[in-house]
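Subject: Structure for your review

Dear colleague,

Please find the structure below, together with its sequence. My findings follow it, and I would be grateful if you read them with the model open.

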Amino acid sequence: MIIRVFRWRPEAPAARFDEFPVEAGEGTTVLDALVGIRETRAPDLAFRYACRVGMCGSCAMVVDGRERWTCRTRLRPLARQGATVTIRPLYHFPLVRDLVVDLQPFVERMKAAGAAFVPGGEPPEATLPERPAIDAAIECIGCGACVSACTMVRWDPRFPGPAALNRAFTLLADGRDAGATGRWTTVFGEDGVFRCHGQAQCTAVCPMELSPADSILRLRRKATRSLFLRT
Ligand code: SF4
Ligand code: FES
């Protein structure tokens, strides 16, 4: 099969795709193929990975049009759908080089949504009804795949994005957290949860099988309830 790899560097800014023929075994992953290409044919090819077992999220890229962890994506099933597999960096992030993006905007969006726990509130009740949803949502490891898949991130740079809103949901439902006031301004402001169009692409691509779309829905319900309580 042929792998098409996105190439770009700041000193020669015209982007291109390089093609590499690859022999893929039954268990060969996209990341295995990239490592092989770098070792044998393109020593200057830049991409990011760390754990290689689906734990760190650093190998997220767009493979055949969809955000995936390349260390958990096998090549053969993709190639069955077409002889060529195309790999490009995540969308909506500044490019550093080739398949590497700058994740700083992700960190900024998290900060804007008040992603840090603020100690000082009351301990939560054991029967907190949101608890099962929170348990799932806290498993986010910040890979950025959902941000890449979100069209609203593209159009509104002040929109916190699915990962940050998912994080805000976990904290706003946490009785021990005392940071709700600051978080409320970003999350429920003009560029917050109500800007989400509900396409749920974030949920469709999340390799942890989380649902940021559900977290956003719950935040909306919370905002709506608070409006009624005020009137
Ligand atoms: S919600 Fe899922 S896709 Fe988004 S950053 Fe967290 S783990 Fe990655
Ligand atoms: S390298 Fe860690 S998740 Fe892929």
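D64 is partly exposed, with a relative accessible area of 32%. Please note from the outset that this is a predicted model. D64 has a positive phi of about 50°, although it is not a glycine. As for its place in the chain, D64 sits in the loop between β3 (60-63) and β4 (66-69).

D98 also calls for attention, with a positive phi of about 45° although it is not a glycine. This residue lies in the loop between β6 (95-97) and β7 (100-101). Is D98 buried or exposed? D98 is buried, because its relative accessible area is 1% and the cut-off for a buried residue is under 20%.

**Helix α1**

Helix α1 covers residues 30-40, and its buried residues include V30, L31 and A33. L34, V35 and I37 of α1 are buried as well. Which elements cover these residues? Among them are the strands β1 (2-9), β2 (12-21), β3 and β5 (84-88), together with the helix α2 (75-80).

In helix α3, which runs over residues 104-112, the buried residues are F106, R109 and M110. They cover an arc of only 100° around the axis, and therefore lie on the same side of α3. Just after α3, G114 adopts a positive phi of about 70°.

Two packed helices are described by the angle between their axes and the distance between the axes. For α3 and α7, the angle is about 30° and the axes are 9 Å apart. An angle under 35 degrees counts as roughly parallel, so α3 is roughly parallel to α7. The crossing in which α3 passes α7 is right-handed.

Which residues make this contact? On the side of α3 they are F106, R109 and M110, and on the side of α7 they are A163, A164 and R167. By type, the residues of this contact divide into 4 nonpolar and 2 charged, with no polar ones.

Yours sincerely,

A colleague

Technical notes. Residues are numbered from 1 along each chain as its sequence is written. Chains are lettered from A and ligands numbered from 1 in the order in which they are written. This is a predicted model: local features need pLDDT of at least 70, side-chain atom pairs count only at pLDDT 80 or more; totals for chains, interfaces and linings use all residues. Side-chain values use heavy atoms; hydrogens and water are left out. Buried means under 20% relative accessible area, exposed over 50%, partly exposed in between (1.4 Å probe, protein chains only). Helices (H or I, at least four residues) and strands (E, at least two) are DSSP runs, numbered from the N terminus. The arc is that of the directions from the helix axis to the C-beta atoms. Axes are lines fitted to C-alpha atoms, for helices over the stretch in contact, and angles run from 0 to 180 degrees between N-to-C directions. Angles under 35 degrees count as roughly parallel, over 145 as roughly antiparallel, 65 to 115 as roughly perpendicular and the rest as oblique. A crossing is left-handed if the near helix is turned anticlockwise from the far one by less than a right angle, and right-handed if clockwise. Contact means heavy atoms within 4.5 Å. Ala, Val, Leu, Ile, Met, Phe, Trp, Tyr, Cys and Pro count as nonpolar, Asp, Glu, Lys and Arg as charged, and the others, Gly among them, as polar.
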